[in-house]
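Below are my notes on the model you sent. They are set out as numbered points, to be read beside the coordinates.

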There are 2 protein chains.
Amino acid sequence: MTIPNAKHFDHTTPSSELAAAMAKPVSFKLLYWPIGGLAGTAREILAYGDAKWENLPSPTPNTWQEDKLSTPFHCLPVLYINTEDGKEITMSESVVVDHYLAKQFGLLGDNEYEEMMIKSFHCSSATFQSRFSATVSWNQPESKAKSFQQFKATSLPTWIQTHEKHLADNGNNGYYVGNKISLADIHTVCVIEHFSCQPEGDEIMELINKSEALAKVRENVLKEPKIAAWKASAKHQELTEASKAFFKDPLTFFKNEGK
Amino acid sequence: MTIPNAKHFDHTTPSSELAAAMAKPVSFKLLYWPIGGLAGTAREILAYGDAKWENLPSPTPNTWQEDKLSTPFHCLPVLYINTEDGKEITMSESVVVDHYLAKQFGLLGDNEYEEMMIKSFHCSSATFQSRFSATVSWNQPESKAKSFQQFKATSLPTWIQTHEKHLADNGNNGYYVGNKISLADIHTVCVIEHFSCQPEGDEIMELINKSEALAKVRENVLKEPKIAAWKASAKHQELTEASKAFFKDPLTFFKNEGK
């Protein structure tokens with residue numbers, strides 16, 4: 001595994017210099033598990049922005065105990081940004097990474113109010129994904145089935161209904177905000193894809209697929225040529241297949257964790 | 001319950017006008033359950049900023065099925081912002097609310113790099129809190145004990161160690177970034193307070209209290225006169241007691257949810 005030299009955050013270079021450097025990225029390296037998960041949105045924004053970027057080789061459960069010490073929070077994704085003036089900046093936490101990349105590639109709307117709405121939709125979908133992850137994917141085997149039934153009865157319909165309401169408020173044009181693609185649209189489509197990779201995916205998608213408003217968002221995102229090309233790529237398809245395999249039994253993948 | 005007139009997001013006023021209005025708030029109303037939970041940080045920033053603000057009367061489980069329809073995502077907290085030009089703006093999702101308030105009151109550092117670090121620490125602590133919430137507080141009764149043991153063996157020490165590392169990188173001065181208080185410090189102290197209100201609080205606090213680096217952050221935050229005054233207030237103490245009572249059995253409080 002190749003973890004770049006920059007580790008954690010930089011407290012030696014003046015932060016004003018790092019701030020200036022962050023605004024002028026030239027290339028990106030993304031470190032994550034070899035699945036979609038929490039890195040799907042970042043990868044899709046990088047594809048949309050036609051950025052120079054690569055997926056770093058993923059750690060394995062065997063090397064992770066050591067590898068994780070080089071990450072800011074002992075978790076992934078981590079984004080490494082190479083800047084015009086030769087700096088390398090480390091960024092962690094998917095919300096922060098998604099916000100930063102969205103800003104670089106014009107996906108936060110036209111002003112602070114639009115940005116606030118876009119980040120709210122992003123946050124709502126991220127919470128929806130992480131709730132499923134914590135209460136179903138990673139829950140104790142004896143609780144999974146009951147928690148999934150609760151998820152289907154509460155979180156899932158609430159997410160669909162509230163997002164349909166906001167899409168209707170924006171005229172049901174297949175965008176969350178205004179008349180153009182934003183982080184909100186890309187993230188929601190990634191979250192839906194994440195659910196389609198779950199062992200419970202068929203049951204979940206049956207409900208999501210009934211939503212015409214969400215289908216329009218998906219249509220608009222997939223109409224973007226760079227995103228369509230990324231999704232059709234062998235690498236993306238490999239990640240999708242790996243996600244499906246991984247979520248069949250995530251606990252086994254990490255069976256050495258926490259020991 | 002008094003839910004202000006502004007509901008969801010505003011698609012009729014031009015968003016540029018709303019963006020300008022957002023930057024000139026005059027007063028705030030916060031809608032949340034009558035506990036600390038996900039609103040603790042927002043309340044503390046409002047206190048720190050000496051803002052004109054109030055807690056709206058909380059919904060009850062009996063009225064919530066109807067009340068929630070007036071919130072953007074059928075969840076709390078929601079922040080209502082009254083602006084200089086007479087607008088009322090609705091904001092939801094605690095991450096978005098915390099970021100907005102932190103920006104208004106100068107709690108995001110001196111530049112984009114410091115802001116990125118501050119938001120990463122905020123996000124890491126928020127994820128730590130929500131993981132406990134999903135896997136212990138709200139988990140099925142039969143899984144709580146096992147999930148809590150896993151939390152104690154993995155998430156808890158990881159959070160302490162990684163945050164201690166970042167605090168050491170900043171010179172162990174009791175601030176996450178630079179030499180002054182930020183959203184990161186306030187949020188971490190609120191998250192620690194949240195844990196101290198849990199039925200498992202004693203066991204968790206035994207580990208957290210061993211960290212001198214985190215103790216210094218707590219000291220610095222409590223040294224802020226406006227925060228100290230808020231924490232000493234009858235209202236804050238009432239919220240703390242209510243949090244303790246609530247988390248003893250959160251499922252019972254919402255027993256009508258999802259039916």
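1. Lys87(B) counts as buried, its relative accessibility being 18%, and the cut-off for that class is under 20%. This is a predicted model, and the remarks that follow should be read with that in mind. The partner of Lys87(B) in a salt bridge is Asp85(B), with the closest N and O atoms 3.4 Å apart. Asp85(B) is partly exposed at 46% relative accessibility. In chain A, salt bridges with shared partners tie Glu17(A), Asp85(A) and Lys87(A) into one network.

2. A further salt bridge in chain B pairs Glu88(B) with Lys29(B), where the closest N and O atoms are 3.6 Å apart. This pair links distant parts of the chain: Glu88(B) belongs to strand β4 and Lys29(B) to strand β1 (residues 25–31), 59 residues apart. Glu88(B) is partly exposed, with a relative accessibility of 22%.

3. Over all chains the salt bridges number 26. One of them involves Glu112(A), in helix α5 (residues 112–137) of chain A, and Lys103(B), in helix α4 of chain B, so this pair joins two chains. The N to O distance between the two side chains is 3.3 Å. Both ends are partly exposed: Glu112(A) has a relative accessibility of 38%, and Lys103(B) has 48%.

4. How much area do chain B and chain A bury between them? The figure is about 4,600 Å², of which 62% is on carbon and sulfur atoms. Each side is represented in the contact by 54 residues, from chain B and from chain A. The interface has 2 salt bridges and 16 residue pairs in polar contact, counting those with both residues at pLDDT 80 or more. On the side of chain B that touches chain A, at least two residues each come from α1 (15–22), β4 (88–92), α4 (94–104), α5 (112–137), α6 (141–153) and α7 (155–169). Of these, α5(B) gives the most, with 13 residues.

5. Asn139(B) deserves a separate look. This residue sits in the loop between α5 and α6 of chain B and is buried, at 2% relative accessible area. Its side chain makes a polar contact with the side chain of Asn139(A) at 2.9 Å. The Asn139(B) side chain also reaches the backbone oxygen of Thr135(B), at 2.9 Å. Leaving aside residues up to four places away in sequence, Asn139(B) touches Asn139(A), Ser143(A) and Ser147(A) in chain A, and Ala134(B), Lys144(B), Ser147(B) and Leu251(B) in chain B.

6. Helix α10 of chain A (residues 212–223) passes a simple check on length. At 1.5 Å a residue, its 12 residues should span 16 Å, and the end C-alpha atoms are 16 Å apart, which agrees. Its buried residues are Ala213(A), Leu214(A), Val217(A), Asn220(A) and Val221(A).

7. Beyond residues up to four places away in sequence, Ala213(A) touches Glu164(A), Leu167(A) and Asn172(A). Its C-alpha atom is separated by 9.9 Å from that of Gly171(A), 42 residues apart along the chain.

Technical notes:
Residues numbered from 1 in each chain as written. Chains lettered and ligands numbered in written order. Predicted model: local features only at pLDDT ≥ 70, side-chain atom pairs only at ≥ 80, totals over all residues. Heavy atoms only, no water. Helix = DSSP H or I, 4+ residues; strand = E, 2+ residues; numbered from the N terminus. Expected span 1.5 Å × (residues − 1). Buried < 20%, exposed > 50% of the residue type's maximum accessible area, 1.4 Å probe, protein only. Contact = heavy atoms within 4.5 Å. Buried area = accessible area lost by both parts, 1.4 Å probe. Salt bridge = Lys/Arg side-chain N within 4 Å of Asp/Glu carboxyl O. Polar contact = N/O pair within 3.5 Å; in protein donor to acceptor, adjacent residues only side chain to side chain.
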